[in-house]
There are 2 protein chains.
Amino acid sequence: MNLTGLDQLIQYALKKPRKKIAVASAADKPVLEAVFEAVKLGFVEPCLIGPFREISTLAARIGMKNDTYEIIDEEDTQVACNIAVLMVKTGKADILMKGMVQTATLLKAVLDKENGIRKKDTLSHFALCQTRYYHKLLGLTDAAMNIFPNIHEKVRIIENAVEILQRLGYQLPKVAVLAPIEVVNTKIPSSSDAALLTSMNRKNQLSGCIIDGPLALDIAISPEAMIHKSIVSEVAGDADILITPDLNSGNILYKARMFLSDGMAASVITGASAPVVLTSRSDSEKNKLYSIALAAAIT
Amino acid sequence: MNLTGLDQLIQYALKKPRKKIAVASAADKPVLEAVFEAVKLGFVEPCLIGPFREISTLAARIGMKNDTYEIIDEEDTQVACNIAVLMVKTGKADILMKGMVQTATLLKAVLDKENGIRKKDTLSHFALCQTRYYHKLLGLTDAAMNIFPNIHEKVRIIENAVEILQRLGYQLPKVAVLAPIEVVNTKIPSSSDAALLTSMNRKNQLSGCIIDGPLALDIAISPEAMIHKSIVSEVAGDADILITPDLNSGNILYKARMFLSDGMAASVITGASAPVVLTSRSDSEKNKLYSIALAAAIT
């Protein structure tokens, strides 16, 4: 089973019970527009935390009826984040979303030892990209969270990503661990890490997926490149998930998809007890909507 | 002055005296096809070094008349590389090109202390990419040579790239030093390196270009992203050259351009006394031709 279009995420989300989404510091027009679109489509109910007057003014301006959302009036952005996280912790919300607030402020609330919602030791960013240049959706991790993940963190990053695709119905997603080469070179740690992760997969230390690496990006996604370079691999040319060596490369790859190609993407932070939708100012409204749909589909 | 299409490289090459290209280990059909195309267009004269019988058979098969090229008969690939390098060293060739031989074998000849043609302390890979997703050609370095360049090596990499664009007529190319963020975070050395390189440029330690960084890729190339994030920069949204943090990210960005977008590119290794055309098996014939044209245009 492979997903080929991001619209399918909306279909998946609609098949499930409607989800409660807590928007931290919600006085943010582009965020409210995406949330409102998801409300109209029918797969989320929002709880908007932040300054009442600003939120209700913005909501009225974009045509959101006031019986379609709830507001918790809170001026302080850190407190607004804490409340949103608490809603997830107490089962009052299924999805957390960032509004007009610094990422660090929201993550502080998420990661708080006492009141946070960290579930695993590693939170990671996962994006699902759609492009005419690939035959199916392409997962990509990690473009935003882990600066230089070590091998143990990479294991968690893979587990987080595989869990998402399994929740979307994939049986055994194909995971390509990227490096600049297809052989082990200990001067290039991304290549050694990739070989270790592949070996862990063969020995069932890391299961639920088929891992291969080191693979350069062309080999991971292009059957022609694979044939040209005579690579034999179950993953090459057909990867479902790309694991990048580190944040430098993950961030650049994600942004190359979005800004130097026809990329559209859904993305979430995973590893907390609920998915966190943490879109950027420069994401389009459609990408924000797809991210909410991905979060709703996997909870 | 900005170049907008790779075909312009062929026009530039045609305006200059015809260049001698030495092809090391030339019994390689795709390489010979690209060389032959450049011969027909009229901007190179090839000297093909390698096994006479194989080369002449391949040349005949692709319709290359035997008065359009010279063969130096040599079975051993390392010796063939040494001869090709010696031709450059003695002024008998202007461009070096890799044929059917490992990159390491050719580079061994290039870098040889006594008989090599290393001119600067740092050789680097430079690619000029054409895409409908950017308003002009986009330089990218380094996708293939330097694994983890330190700040001094990054200075050389920038100098190598700027020199190429200057030879193509650019007055003051705009250089974006990439990182995953737009501020300095000492936990992310790519961001500190970028800030240092920018400062060196402001203080004229590194001149002939306008450098800005750290810049995330979206900010470097998208005026919309720049405005969304309220970044003020002479380079942002309009970069001519992208400097990647390291080989992991450079290789992934180059391959994302070529395999997850509509990318076409010309690329050379620079920093030796002649440009080295070192295309990959998975490059298209057109990309190989553009690379030869770039090499001819800058010598």
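Visitor: Which rotation superposes chain A on chain B, and with what shift along its axis?

Guide: Two copies of a chain are related by a rotation about an axis and a shift along it. In this predicted model, the superposition of chain A on chain B has an RMSD of 0.0 Å. The two copies are thus related as by a two-fold rotation axis. The values asked for are a rotation of 180° and a shift of 0.0 Å.

Visitor: Which residue of chain A comes closest to the rotation axis?

Guide: The distance is taken from the C-alpha atom, and the closest approach in chain A is 2.0 Å. The residue at that distance is A:Ser249.

Visitor: What surroundings does B:Ser249 have, and is B:Ser249 buried or exposed?

Guide: B:Ser249 is placed in helix α10 (residues 247-259) of chain B. Leaving aside neighbours within four places in sequence, its contacts are A:Asn248, A:Ser249, A:Ile252 and B:Thr244.

Visitor: How many residues of chain A are in contact with chain B, and through which surface do the copies meet?

Guide: In chain B, 40 residues take part in the contact with chain A. Of the interface residues of chain A, 100% are also interface residues in chain B, so the copies meet through the same surface. The number of residues in chain A that are in contact with chain B is 40.

Visitor: What area is buried between chain A and chain B?

Guide: The size of an interface is often given as the accessible area lost when the parts come together. Here carbon and sulfur atoms give 70% of that area. The area buried between chain A and chain B is about 3400 Å².

Visitor: How many residue pairs are in polar contact across the interface, and which element of chain A gives the most to the side that touches chain B?

Guide: The count of polar contacts across the interface is seven residue pairs. The elements giving two or more residues to the side of chain A that touches chain B are α7 (189-202), α8 (217-221), α9 (223-228) and α10 (247-259) of chain A. With ten residues, the element that gives the most is α10(A).

Visitor: How do the residues on the side of chain A that touches chain B divide into nonpolar, polar and charged?

Guide: The charged residues on this side of chain A number nine, and the polar residues number ten. The nonpolar residues come to 21.

Visitor: How many salt bridges are there between chain A and chain B?

Guide: Side chains of opposite charge can pair when their charged atoms come close. A:Asp218 forms a salt bridge with B:Lys255, with the closest N and O atoms 3.5 Å apart. Over all chains the count of salt bridges is 29. Between chain A and chain B the count is two.

Visitor: Which residue of chain A has its backbone oxygen 2.8 Å from a polar atom of the side chain of B:Arg257?

Guide: B:Arg257 is found in helix α10 of chain B and is buried, with a relative accessible area of 2%. Within chain B, its side chain makes a polar contact with the side chain of B:Thr131 at 3.1 Å, although the two residues are 126 residues apart in sequence. From chain A, the backbone oxygen at 2.8 Å belongs to A:Leu260.

Visitor: How far apart in sequence are the parts that the salt bridge of B:Lys174 and B:Asp238 ties together?

Guide: The side chains of B:Lys174 and B:Asp238 meet in a salt bridge of 2.8 Å, N to O. B:Lys174 lies in strand β7 (residues 174-178) of chain B and B:Asp238 in the loop between α9 (223-228) and β9 (241-243) of chain B, so the pair ties together parts that are 64 residues apart in sequence.

Visitor: Which helix of chain A holds both A:Glu33 and A:Lys29?

Guide: The side chains of A:Glu33 and A:Lys29 meet in a salt bridge at 3.3 Å, N to O. A:Glu33 counts as partly exposed at 23% relative accessibility, as does A:Lys29 at 35%. The two residues are four residues apart, about one turn of the helix, and that helix is α2 (residues 29-41).

Notes. Residues are numbered from 1 along each chain as its sequence is written. Chains are lettered from A and ligands numbered from 1 in the order in which they are written. This is a predicted model: local features need pLDDT of at least 70, side-chain atom pairs count only at pLDDT 80 or more; totals for chains, interfaces and linings use all residues. Side-chain values use heavy atoms; hydrogens and water are left out. Copies are superposed by least squares on the C-alpha atoms of residues with pLDDT of at least 70 in both. Contact means heavy atoms within 4.5 Å. A salt bridge is a side-chain nitrogen of Lys or Arg within 4 Å of a carboxyl oxygen of Asp or Glu. Buried means under 20% relative accessible area, exposed over 50%, partly exposed in between (1.4 Å probe, protein chains only). Buried area is the accessible area (1.4 Å probe) that two parts lose on being put together, summed over both. A polar contact is a pair of N or O atoms within 3.5 Å; within protein, one must be able to donate a hydrogen and the other to accept it, and residues adjacent in sequence count only if both atoms are side-chain atoms. Ala, Val, Leu, Ile, Met, Phe, Trp, Tyr, Cys and Pro count as nonpolar, Asp, Glu, Lys and Arg as charged, and the others, Gly among them, as polar.
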